Amino acid sequence: VRNYYQNIMGWDGSGLRYAGISIESSILNERRVLAEDTVRVHYDKFIQVAEKFDENVGKACKTKTIMTDLDQKFVFMNNQRIYRTSAVSSSMIGVLVSFVVIFIATRKLHLAFFATVSIFSVLISVIGAVTIAGWTLGVIEAILFGILAGFSVDYVIHLAHAYSHAEGDVEERV
């Protein structure tokens, strides 16, 4: 019996010191990448199980439960949170910088505002399309959301600049 359980149970000669228990999730596997919210629910359940083990066997083993994540699903869940915050903050910084650049180029507040609304609309459209397609937010997507405002500004700044330098009333400028 001792040889059979040698790798999953630890004895110090007089008592049990550790026990290895394997628990698998019903939806997490190595082939699927799920959204952070879905994985967070399972992570919280695993933490509750670990806390129950601590209550029941913590005194006997004289240690807390150690949980490992062999497929790195919980690590990816935390990375998704970082990707989301960095994507949002970098894209908002890009929109703000675009507003400043367009305002300096055209010297007209209303043109800078409407051009920035256009850039923001492109950003929201792309994020919506990615969400509808069911993509999960990874490193590349987070970086691309950050530079999307920079790509969007090129066409918009040319239109705003041409409009501000055109002669005539609104109808003739458009």
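Analyst: Contact means heavy atoms within 4.5 Å, and helices are DSSP runs of H or I with at least four residues, strands being runs of E with at least two, both numbered from the N terminus. This is a predicted model in which local features need pLDDT of at least 70 and side-chain atom pairs count only at pLDDT 80 or more, while totals for chains, interfaces and linings use all residues. Residues are numbered from 1 along each chain as its sequence is written, and side-chain values use heavy atoms, with hydrogens and water left out.

User: Which residues of α4 meet α2?

Analyst: The α2 side of this contact consists of Y83, S86, A87, S90, S91, G94, V95, S98, V101, I102, A105 and T106. Facing them, α4 contributes V139, A142, F145, G146, A149, V153, V156, I157, A160, H161 and S164.

User: How many charged residues does the contact of α2 with α4 have?

Analyst: Ala, Val, Leu, Ile, Met, Phe, Trp, Tyr, Cys and Pro count as nonpolar, Asp, Glu, Lys and Arg as charged, and the others, Gly among them, as polar. On that scheme the contact of α2 with α4 holds 14 nonpolar and nine polar residues, and the number of charged ones is none.

User: Are α2 and α4 roughly parallel or roughly antiparallel?

Analyst: Axes are lines fitted to C-alpha atoms over the stretch in contact, with angles running from 0 to 180 degrees between N-to-C directions. Angles under 35 degrees count as roughly parallel, over 145 as roughly antiparallel, 65 to 115 as roughly perpendicular and the rest as oblique. The axes of α2 and α4 (residues 139-165) come within 9 Å and cross at roughly 15 degrees, and the two helices are therefore roughly parallel.

User: How are α2 and α3 oriented to each other, roughly parallel or roughly antiparallel?

Analyst: The axes of α2 and α3 come within 8 Å, crossing at roughly 150 degrees. Because of that angle, α2 and α3 are roughly antiparallel.

User: At what angle do α3 and α4 pack?

Analyst: The α3 residues here include L111, V122 and V130, and those of α4 include F145, L148 and Y163. The contact counts 15 nonpolar, three polar and no charged residues. The axes of α3 and α4 lie 9 Å apart, and the packing angle is about 145 degrees.

User: Which element gives the most to the lining of the largest pocket?

Analyst: A pocket is an open set of points on a 1 Å grid over the protein atoms alone where a 1.4 Å probe fits, with protein on both sides within 12 Å along at least five of seven lines, and lining residues have an atom within 4 Å of a point. Of the 31 residues lining the largest pocket, I21, S22, I66, M67 and T68 lie nearest its centre. β2 (16-19), α1 (36-61) and α2 (73-106) each supply at least two of the lining residues. The contributor of the most, with eight residues, is α1.

User: Which helix gives the most to the lining of the second largest pocket?

Analyst: At least two lining residues come from each of α1, α2 and α3 (109-133). The lining divides into eight nonpolar, five polar and three charged residues. With five residues, the helix that gives the most is α2.
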